[in-house]
Amino acid sequence: MNDSRKYIIRALILIIAVIFASKLFSIQVLNESYRLAAESNIVQEIIEYPYRGLIFDRNKELLVYNEPSYDLMVVPREVENLDTLAFCSAFGLEREDFDKRMIKAWRYSSIKPSQFIKQIPSEDFARVQDKLVGFEGFYATARTVRKYSNDGLANVFGYIGEISSNQLKRDTSNYYRSGDYIGITGIESSYEEQLRGRRGVKFKMVNVRGIEKGPFKGGSLDTLAIPGENITLSIDIDLQMYAERLMKGKIGSVVAIEPSTGEILAFVSSPSYNPNLLTGRNFGENYGSIATDSLQPLFNRPLMAMYPPGSIFKIIQGLIALEEGVLGPEEEIYCDNTLIADHAAPGYYDVQKAVKYSSNNFFVKVFKRIINRDAASDAKSQFNQAPIGLGRWNDMVSQFGLGSPLGIDLPNEGSGSIPSPELYDQIYKGRGTWKFSNIFSLSIGQGEILMNPIQMANLAAIMANRGHYYIPHIAKGIGQTNYLDPKYKERHETNISPEHFPVIINGMEEVVNATATRAKIKDIAICGKTGTAQNPHGEDHSVFMAFAPKENPQIAISVFVENAGWGGRAAATTASLLIEKYIRGEITRPWWEEFVLKGDFLY
Amino acid sequence: MVGGICFERRFFVLSSRGKIWDRIDWITVILYLILVFWGWFNIYAAVYDEELAVSMFSLSTNSGKQLIWIGTSFLLILGVMMLDFKFYDSFSYVFYALMILLLLAVLGTGTIVSGSKSWFQVGGFRLQPSEFTKFATALAIAKFLGTVNVKLDNAKNQLIAAGLIGVPIVLIILQGDLGSAMVFGAFVLVYYREGLSPILFALGLGVIALFIVSLLVDQTLIFIVTGSLALIFIGLSIKNFKKILVIIGMAVFVVGMVKSVDFIMTDVLKPHQRNRVVSLFNPDADPLGVGWNVTQSKIAIGSGGVFGKGFLNGTQTKYDFVPEQSTDFIFCTLGEEHGWVGSVLLITLFSILLVRISIIAERQKSRFARVYGYGVLAVLFFHFMVNIAMTIGLFPVIGIPLPFFSYGGSSLWSFTILLFILLNLDAHRMQVLMH
């Protein structure tokens, strides 16, 4: 009886077998996701962070290096039997803070490591290292923080910080990952790719407790971390630190350039901050107070501040007039105070003398010749000629690297401004509505003309080179090959004939006997030009640009001190001290040093 | 029954040795050996640690210990085969009663292992009486149904049959070992073969279906659907009073069933058991908590691909992602290292073994032997089905081993005895009528 049921039972066995075989076929053969899940189970990606490149000064003195710090990582699932109280006291956390961080870690992943405490300085870490063993689920990974051997150059170095989600989105190279550090400004930003190196990755197999079981696929997918390339700056750190000392307590800039190469020897933005404040775990806090400082220490004045150049611009006017042939090298022009107020005494001036005494009236007359070159004396003709003359002038001025960024290897370089005919068309509502008398303040570097201090220093370099320049740059060489962007080796011409330079330079040489007597140094021929940039908001700004020595110049410099009045006083003294420091290596006039350090320029 | 010494003489007579090895079902024996040794290899793979590279024979590992269990099992086989086949028939109830006593004893004096009080600790070894109750119960059922004129068509016999299964189930549930208790439910298959009404059998399946539905669907929804269906059917058969009563009765049964499932889930099952049931239906709800076992088990098996990662190359099992990998989850190791091909080979081996047991059972001359054969089939089938189903996520995680394959002395001994009693009976099937 019931014999047929044996077939039903056997059929049941076969049905189950078929169900199992099909289900297994679906998860083992058809579905890839289990294989991937298995890999992500056992494979832990361990990132080896490369050392960021070191930064040296031109004499190979170490300026920026790395110090080990540690990130405390947590794998939430592995946290067991944690003595929270002991943990909090070891790492100096509040209980509330601990909970917040833990929740964040859980939200990210329960089995993947996430940063629990970032950038523990190595000396702090040494104290807790032994206790770490007792805290299951926590481990430390080595990172580095930037350290600076001097408290200067902050605006050159810039700083690094954790990459923002916006930067991550914009990163087309797909190199960066959340939590990576990236140069945010300064040299750290402009040479980010060279400095950062290449991160290494190790794939390790781990068991369920996260214990290492050896390399994944024999380590064939692993890559080594490649340290970043070192950078040698053109900065002379002694000169730099001396310049910063002199600028302490003042608002302004110093830029010194080696004329023969365009290498920047000193680069001061004052006031600044200690670069060590913007590294490590206190970054956030310190950044807040620095960024909100009313004196704007983060504002990189040599590149970003733009001022009317004042009298130093007369040099360019003189050169253009000579080149245009509207002025003879020894042509004398009678000047009195009829056109414009003047410090220079009335009398006959040639261009050399006009530079020496900074005659306003001379350069107004010369600039009028430039603008109205072919014009008849009637008004209509002058209205027609002004845009043509200004256009030519604009082209020539632009050859001096003005009106557009020079292309220095630091971010946020301002362009300055050289007025074009179109600008006045706009201001005076149309062509033929303005003429020389509307724009004559340009003659003496006032009005709609703006330069930043790096352009002023570059002008000094152009004078030193008698007509050409190299784009100022802060890096001297990158890596072991001392690589440098070829654009910094390219000679830029001003297209002013060399024969026009001697008269102007002779005038500049005599400046130290006229408007800038404080700049005079025994045995060093300084060629300079003072400027006093009018400031409608307060005291005038003090400007001085110079190069020295006259023959085979070694240094070209611009000093800009805000609200310090007459250029012959604060700026000239500072520039002269720096020139002496660089060329002679010592200061022979301590009284002027004292004067500058004291900083009472207005009396 | 006769006195001890006396039946020793009567029953410990050796059957002529050469003959029993000639008459034994070698197909089954070979299948058994393949499974046992393949299992042993997999246990070694499951506990293998590259760094230690301990030998397969080292007694410090499960694979070394399993070798001892395998060796002792062979001794047991000799013992089981040498005993007179009539001994099992005569002493069925004695075995059964003895096992029930042991189950009671373990409740009192047992050792608790992973939440279940079902172990006797003897020195360094642990024994699990519930394992041995399986073959004892199979014998008892065979004895009962083998009795002349006992048929499963009346309530009294049905009740006794239910009782034979029910007593160990209750005792083992009391130990806290739901998984092992469920195994005894498998004997219903034997009753089905021996004439239990298919309606009762189908009803049982219906109850299981309803059980699953009531876990998945909100109670109120079931009540509403049941009520509406009942009203529709009552409306359709408005003139048939008897039919209406049946419909109402069924509706009440459904409501009662759903309510009792709710009661079982909240009040009877332990939290970890409840979670296992819940996670079966939605393992992704909490892949790192309750669903961890199933998820990791599926990952291990699923990552095996067609041909597997190769012997000792499984990463998921080797690095302990799968829990209980040498016992209940041994199939993961096989699935990961030998892939779909290996898995299907194992399923095929089991299917052949089960069908072979059915064939052996059917060719028995005595009803006792046939019923016992189906008892063996039921126990092995249930273990095989539930164990593999749970590792691939078709069934809740119930801690029962894969027969012959999983690590464990009690289970290997128990399955060996279970199977070889049948082979002993089968070897002597021609002598039954002569006796």
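This is a predicted model: local features need pLDDT of at least 70, side-chain atom pairs count only at pLDDT 80 or more; totals for chains, interfaces and linings use all residues.
A residue counts as buried here if 20 or more other C-beta atoms lie within 10 Å of its own.

In a regular strand, side chains alternate between the two faces of the sheet. Along β11(A), A:G252, A:V254, A:A256 and A:E258 point one way, whereas A:S253, A:V255 and A:I257 point the other way. The residues of both sets are all buried.

The pairing of this strand may be considered next. β11(A) runs antiparallel to strand β12 of chain A, residues 263–270, and seven bridges join the two. Within this pairing, A:A256 stands opposite A:A266 of β12(A). The hairpin formed by β11(A) and β12(A) has four residues between the strands, and in it A:G262 adopts a positive phi near 85°. β11(A) is also joined by six bridges to strand β20 of chain A, residues 555–561, again in an antiparallel arrangement. Here the bridge partner of A:A256 is A:I557 in β20(A).

The second topic is the contact between the chains. In total, 36 residues of chain B are in contact with 32 residues of chain A. On the side of chain B that touches chain A, the elements giving two or more residues are α10 (188–193), α15 (292–302), α16 (315–318), α17 (330–362) and α18 (367–391) of chain B. Among these, α17(B) provides the largest share, 11 residues. By class, this side of chain B comprises 19 nonpolar, 12 polar and five charged residues.

Note on methods:
Residues are numbered from 1 along each chain as its sequence is written. Chains are lettered from A and ligands numbered from 1 in the order in which they are written. Two residues are in contact if their C-beta atoms, placed from the backbone, lie within 7 Å. Ala, Val, Leu, Ile, Met, Phe, Trp, Tyr, Cys and Pro count as nonpolar, Asp, Glu, Lys and Arg as charged, and the others, Gly among them, as polar. A residue is buried if 20 or more other C-beta atoms lie within 10 Å of its own, exposed if 12 or fewer, and partly exposed in between; C-beta atoms are placed from the backbone. Two strands pair if DSSP finds at least two bridges between them.
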